[in-house]
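Good morning, colleagues. Please have the display in view as we proceed.

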Amino acid sequence: AALGCRFATAYRGLTNRAALQPNQTIAIFGCGGVGLSALLIAKALGAKTICIDINDATLQKAKELGADYIIYSRANDPVKKILEITHTGADVAVDALGSEITANQSLLSLKRRGKHIQLGLLLTPDGKTPISMARAIAYELDLLGSHGMAAVDYPEMLKLITQGKLKPQDLITKTVPLESGPELLKNLDQQPATGVVILNP
């Protein structure tokens with residue numbers, strides 16, 4: 001159950017759509033559920049990882065999970081920092097949050113012929129999001145969307161778990177009684193959880 005949305009979405013996005021390879025550099029914008037899952041999957045695939053977020057607590061969690069670099073984007077220009085780290089730009093960049101700002105930062109952080117993958121849902125009122133298409137053309141970038149994963153494709157992801165290469169249990173931050181569920185859900189938008197909270201009957 002815990003592999004549902006966050007891991008399956010990130011796994012298909014990185015493997016099937018972006019075809020992330022060992023030693024490639026991936027920039028992950030947003031270290032929530034999908035972003036941290038993408039980090040674990042990228043590490044399991046042998047990629048170099050850069051995690052970007054405005055929340056210091058989630059960045060520290062990303063560091064604990066093995067991120068090679070973290071960028072606190074409230075105080076730093078993430079595109080500039082990624083170019084300083086990579087010199088040419090990231091091979092793959094992921095918008096795991098789903099905003100106009102992070103989508104464009106992801107695109108602008110790429111090297112020539114890099115791949116932007118949109119995992120975060122861009123829920124704008126009119127269904128449109130301004131994006132730097134001039135950069136996409138000039139740099140010959142691939143802009144990829146990915147949405148979930150079919151159940152028939154789960155065995156490949158589960159194999160990484162049974163091999164011990166992918167450890168979703170590392171995202172668990174705390175276990176609480178089942179009775180705490182309603183209160184946690186009610187306050188989720190004010191106090192988003194870092195990692196995964198397990199409700200234990």
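**Salt bridges, sheet and packing**

Let me begin with lysine 43, which counts as partly exposed because its relative accessibility is 30%. Please bear in mind throughout that this is a predicted model.

What is the partner of lysine 43 in a salt bridge? It is aspartate 68, and the closest N and O atoms of the pair are 3.3 Å apart.

How many salt bridges does the structure hold? There are 6, and I shall describe two further examples.

One of them joins lysine 81 to glutamate 84, with 3.8 Å between the closest N and O atoms. Both residues lie in helix H4, residues 78–86, and because they are 3 residues apart there, about one helical turn separates them. Lysine 81 is partly exposed at 32% relative accessibility, and glutamate 84 is partly exposed at 43%.

Another links lysine 186 with glutamate 183, where the closest N and O atoms are 3.4 Å apart. These two are 3 residues apart in helix H8, residues 181–186, and are therefore separated by about one helical turn. Here lysine 186 is exposed, its relative accessible area being 55%, whereas glutamate 183 is partly exposed at 44%.

I turn now to the sheet. It is an open sheet of 6 strands in the order S3-S2-S1-S4-S5-S6, and the pairing is parallel. Which strands form its edges? They are S3, residues 69–72, and S6, each of which pairs on one side only. On average, and with direction ignored, neighbouring strands of this sheet are turned by 20° against each other.

At one end of that order, S5 and S6 run parallel and are joined by 4 bridges. Isoleucine 117 stands opposite leucine 144 in S6.

Next come the helices that pack on these strands. H5 touches S1, S4, S5 and S6 as it packs on the sheet, and its direction makes about 150° with that of S5. Several residues of H5, which spans 100–108, are buried: Thr102, Ala103, Asn104, Ser106 and Leu107. What covers them? The cover includes S1, strand S4 (90–95), strand S5 (110–118), helix H6 (133–138) and strand S6 (142–145). Helix H3, residues 56–64, lies across S3 and strand S2 (48–53), and runs at about 175° to S3.

Finally, let us look at a single position in the sheet. Threonine 25 lies in strand S1, which covers residues 25–29. Is threonine 25 buried or exposed? It is buried, because its relative accessible area of 13% falls under the 20% limit. Beyond its neighbours within four places in sequence, threonine 25 is in contact with Lys48, Ile50, Thr86, Ala90, Asp91 and Val92. Of these partners, Lys48 and Ile50 fall within the span of S2, 48–53, and Ala90, Asp91 and Val92 within that of S4, 90–95.

Thank you for your attention.

Conventions
Residues are numbered from 1 along each chain as its sequence is written. This is a predicted model: local features need pLDDT of at least 70, side-chain atom pairs count only at pLDDT 80 or more; totals for chains, interfaces and linings use all residues. Side-chain values use heavy atoms; hydrogens and water are left out. Buried means under 20% relative accessible area, exposed over 50%, partly exposed in between (1.4 Å probe, protein chains only). Contact means heavy atoms within 4.5 Å. Two strands pair if DSSP finds at least two bridges between them. Axes are lines fitted to C-alpha atoms, for helices over the stretch in contact, and angles run from 0 to 180 degrees between N-to-C directions. A salt bridge is a side-chain nitrogen of Lys or Arg within 4 Å of a carboxyl oxygen of Asp or Glu.
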